[in-house]
Amino acid sequence: MPTGRLVEEIKGKKYKIIIEAGKDPSTGKRRRIVRRVSGRKPDAEREMANIIRDLEQGTYIEPSSTTLAEYLRYWLENYAQTNLAPSTYSSYDRIINTHIIEALGHVPLMKLTPLQIQAYYTDKLKDGRRDGQGGLSHRTVRYHHTILREALQHALKWRMLVVNPADATEPPVSVKAEIYPLSEEELDILFQTAEGHRDKWLIMFAAYSGLREGEMLALKWSAVDLECKTPSLRVQQTVGYINGQGFVYRPVGKSKKARREIVLTDIAIHALKQQKKMQAAERLAAPPKEPYEDNGLVFATDKGKPMDPSGLGRRFKRLAVKAGFREARLHDLRHSFATLLLAKGVHPKIVQEILGHETIGVTMDTYSHVIKGIQEEAIQRLNDHSNNRKWHQNGTKTQKSRP
């Protein structure tokens, strides 16, 4: 069992932690861990206790010998996998293992420098595509920066680093991603194109509810209330597919903003009722040898199983192209809903709450083009009102005499 002791190096300011960790199983030699901690004695004692606990649980990583690749894999398994949404974890895992580790994984974590990271960004911009057809976009490389910085920030928190080298870099400025919201008329065309398609009710619901794809595919009938005076649903979980694990369900978001209850529009209610009828028919039509797998999901396969997000995205893309909206993606239905609400004068704060954005700033930034149009319309109405008032030539308002 590991044992530790403190040596005071600078009175009340700096301590040396010495931990006897038994023998190294690979070499048979005595294993001693030495760590210096600046701060008060309780800080050093707490750090020593943390190291001993990690040694006993088999989760301790020796900072001096740990490569960036070893650390990032540890971070993915012990933090990202359990704290991020499945879709986010999947993208982090892919970028770390196919890009970052390949280029920087050999570098010892404690020796990683801002210059090495900056050179990585430059290389990815010039020749970062996996197919060898040139560089990655500024937006994609900035996303690499976000991932790497977040992972290194935990190394800083866990006292494996003194500073975060990613903080001293200058990632490329990303161009704001284009969104392609559809108007009400365009949505009608899309629905007509989807007539007879199994995904029609899902598409209609997505366009008039504002849920994210993962939230929609994780939605259960138990969270939907269509019988009350004001039909609503509770957004409680999200789902994504992770290679090697299958479908993974997690509580939605990190805050109460994401876990929300929303009132349903008439079109969303209609879509849900039609979806329920379709599911009932599919359940009855299922052969005895392959019975319907009822998981309580609102949107599932015709066998009742969880729906593959990537497959859904491809099916929607084909329908969108057929309807004449080549640029539209499934996520743009969420943008369409938000744009319609704002255009009809719904306050951005309400839109933020419906969409589950962490802050109103995200809503304002994402839909700035719509909000600007609303502002222009409001100013024009004010101008029209002012121009109809009577004014003196000297600029003072006509005063009415009081009785």
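Strands are DSSP runs of E, at least two residues long, numbered from the N terminus. Strand E5, residues 232-235, is one such run, and arginine 234 sits in it. The model is predicted. The protein has 14 helices and 8 strands. Its mean pLDDT is 88.

**Overall dimensions and surface**

- Along the principal axes, the C-alpha atoms of the protein fill a box of roughly 90 × 85 × 50 Å.
- The accessible surface of the protein is about 23400 Å². Carbon and sulfur atoms hold 51% of that surface.
- Of the 403 residues in the protein, 40% are buried.
- Take the contacts between residues at least 6 apart in sequence: 58% of them join residues at least 24 apart.
- The protein carries 65 positive and 47 negative charges.

**Confidence**

- A pLDDT of at least 70 is reached by 92% of the residues.
- Confidence is highest in helix H7, residues 200-207, with a mean of 98.
- Confidence is lowest in helix H14, residues 368-387, with a mean of 71.

- The relative accessible area of arginine 234 is 35%. Buried means under 20% and exposed means over 50%, so arginine 234 counts as partly exposed.
- Beyond its neighbours up to four places away in sequence, arginine 234 touches Leu219, Ser222, Ala223, Arg260 and Glu261.
- Arginine 234 and threonine 3 are 231 residues apart in sequence. Their C-alpha atoms are 50 Å apart in space.

**Alanine 151, in helix H5**

- Alanine 151 belongs to helix H5, which spans residues 138-157.
- Alanine 151 counts as buried because its relative accessibility is 0%.
- With residues up to four places away in sequence left out, alanine 151 touches Tyr71, Leu72 and Trp75.
- Alanine 80 is 71 residues from alanine 151 in sequence. In space the pair is 8.8 Å apart, C-alpha to C-alpha.

**Loops on either side of helix H5**

- Glycine 135 lies in the loop between helix H4, residues 114-127, and helix H5.
- Glycine 135 has 29% relative accessibility and therefore counts as partly exposed.
- Apart from neighbours within four places in sequence, glycine 135 contacts Lys124, Leu125, Lys126, Asp127, Gly128 and Arg129.
- Glycine 135 and leucine 297 are 162 residues apart along the chain, and their C-alpha atoms are separated by 41 Å.
- Arginine 159 lies in the loop between helix H5 and helix H6, the latter covering residues 184-193.
- Phi of arginine 159 is near 65 degrees. That is a positive value in a residue other than glycine.
- The relative accessible area of arginine 159 is 39%, so the residue is partly exposed.

Definitions and conventions. Residues are numbered from 1 along each chain as its sequence is written. This is a predicted model: local features need pLDDT of at least 70, side-chain atom pairs count only at pLDDT 80 or more; totals for chains, interfaces and linings use all residues. Side-chain values use heavy atoms; hydrogens and water are left out. Helices (H or I, at least four residues) and strands (E, at least two) are DSSP runs, numbered from the N terminus. Buried means under 20% relative accessible area, exposed over 50%, partly exposed in between (1.4 Å probe, protein chains only). Contact means heavy atoms within 4.5 Å. Accessible areas come from the Shrake-Rupley method with a 1.4 Å probe; for residues, only the protein chains shown count as cover. Lys and Arg count as positive and Asp and Glu as negative; His and the chain ends are not counted. The place of a charge is taken as NZ of Lys, CZ of Arg, CG of Asp or CD of Glu. pLDDT is the predictor's confidence in each residue, from 0 to 100.
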